[in-house]
Amino acid sequence: MSAQPSRIVAAILLCCALVALGATSAAAQGTLLSSSLPGAFGVRYLPDRAVVTYTVPDPGERAIATSFRLRVRLPQRVRWGFLDREPMAERELRWDRGASQAIVRLPFGSHRVHLGWEGRPYLPPESATIPIVADGDPAGQLGARFQLDGMEASGDALVGPGIASVRVETTPGVSPADLTLSSGNQTVTQWRRANGALVTAEPLLIDENPSINLHVSGYTLQRSPVKRVVFENVTPPAQVAKVADEIPENAILVEGEDFVDNGGTPPQVEPGSHYDTHGGACVYSFLGDGSWLTWKMPVPEAGSYDLYARISCGDTSAYRLVEFDGEAPEGLHLVEFPGTGGWGHAEGEWWLVRLTGGEGLAPSLQLEAGDHALTLTGVLQKHLNVDYLLLVPAE
Ligand SMILES: [Ca+2]
């Protein structure tokens, strides 16, 4: 875009000022602004204009005029202006060359004034609507608001949960550095260009109907620089199956509390903390904030195995990324664990679930003999408690 971001930022940082002025203060040289009546004033300098927001109460019956006089220092002669969204006539814009100040008469109340010295008179649009599309279907919209230095849009996307790429279709000239998108608490700032759009560099984990927030930097935007936000290749999480809460024959059992490595927020382990746990303990407060746990899974002989987990979840569901020896097994990257009706403090709140090998589940794991590393990474915010994990030889 035609913006010069560093210049804008510098101007904003250096020149933001909020001042309260006394009545009839002199229009002394060197002051940014002065007013003939008391009030609250803020002035912000941008590359082509000063934007003044003010509140000046109506002085009531004592007033002999219906307006007050404001002087605003500008680097060059004032050429155009807006009072709120109305253009100001040229005769309303006086110039005190000696003081380098614009002089305008303004109505009482709370208003915003743009005083420009360069370029053409311009105000950003008030609002815009940006459609969201998920794999070709409408999936909500973002409501956009404009500031002079960018656009902020937000809304819910009717998509997910799962993994998806996000393509932001922009007008020409939007650079990756201008664009920030957040979905829930994840923020995307890395983009690659593809066919006139910006696409997330990495697939994004999306919760069910995530809140989307989009920020585009750019000065004097004429319209929304984003035409559509498109979720592509939306892959839902793998499902698990609840099975009888008994340990199958020949199962290799690894206690949840016996994890061998972890990262992020440490989970809790405390003997006797929960109801009816195997080995008298479980791992709990395993957060969905990117924290991960790794277990050593000993496999006595090469073959086909199925993965089970005894879990509790007091939420509606919890999501975990699954890796075996550092790689996602086929069909098992993101897994949705169901809510079990509680956190495992009462009967029936621990469920044994099967992750592979059943109908509608990911295929059985083909494992070599030896120790394998199973890692679960908590994502999309939800907690999960784990009593134990099983590898069961596939029939
Ligand atoms: Ca246990």
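**Entry 1, the calcium ion.** I began with the metal, and found that the protein donors of the calcium ion are Glu 255 (OE), Glu 257 (OE), Glu 257 (OE), His 278 (O), Ala 281 (O), Asp 387 (O) and Asp 387 (OD), lying 2.2 to 2.6 Å from it. I then wrote down their spacing along the chain, which reads E-x1-E-x20-H-x2-A-x105-D. Glu 255 sits in strand E23 (residues 252-255) and His 278 in the loop between strand E25 (268-269) and strand E26 (283-288), so this pair ties together parts that are 23 residues apart in sequence. A reminder to myself before going on: this is a predicted model.

Next I wanted the overall layout. The domain assignment gives domain 1 (5-116), domain 2 (127-235) and domain 3 (241-393).

How many residues of domain 2 are in contact with domain 3? I noted eight residues of domain 2, in contact with eight residues of domain 3. Between these two domains about 610 Å² is buried, and carbon and sulfur atoms give 67% of that area. On the side of domain 2, Ile 163, Leu 205 and Asp 207 lose the most area to domain 3, together 62% of what that side buries. Strand E14 (162-170) and strand E19 (204-206) are the elements that give two or more residues to this side. Sorted by class, the domain 2 side has four nonpolar, three polar and one charged residues. I also looked for pairings across the interface: there are zero salt bridges, and one residue pair is in polar contact.

Which residues does the cis peptide bond join? They are Gly 160 and Pro 161, with omega at about 5°. I placed Pro 161 in the loop between strand E13 (150-156) and E14. Strand E14 was already in my notes, as one of the elements on the domain 2 side that touches domain 3.

For the model I have a count of 12 salt bridges. One that I looked up joins the side chains of Asp 96 and Arg 71, at 2.9 Å from N to O. Asp 96 belongs to strand E8 and Arg 71 to strand E5 (residues 67-73), so the pair ties together parts that are 25 residues apart in sequence.

I followed the chain on to Ser 100, in the loop between strand E8 (94-96) and strand E9 (101-107). Ser 100 has a positive phi of about 55°, although it is not a glycine.

My last stop was Leu 83, in strand E6 (residues 80-83). What does Leu 83 touch, leaving aside its neighbours within four places in sequence? I listed Tyr 54, Met 88, Leu 106, Pro 107, His 111, Arg 112 and Val 113. For Leu 83 and Leu 106 I also noted the separation: they are 23 residues apart in sequence and 8.2 Å apart in space, C-alpha to C-alpha.

Methods:
Residues numbered from 1 in each chain as written. Predicted model: local features only at pLDDT ≥ 70, side-chain atom pairs only at ≥ 80, totals over all residues. Heavy atoms only, no water. Domains from an automatic or database assignment. Contact = heavy atoms within 4.5 Å. Buried area = accessible area lost by both parts, 1.4 Å probe. Salt bridge = Lys/Arg side-chain N within 4 Å of Asp/Glu carboxyl O. Polar contact = N/O pair within 3.5 Å; in protein donor to acceptor, adjacent residues only side chain to side chain. Helix = DSSP H or I, 4+ residues; strand = E, 2+ residues; numbered from the N terminus. Nonpolar A, V, L, I, M, F, W, Y, C, P; charged D, E, K, R; others polar. Donors = N, O, S within 2.8 Å, 3.2 Å for Na, K, Ca; no water.
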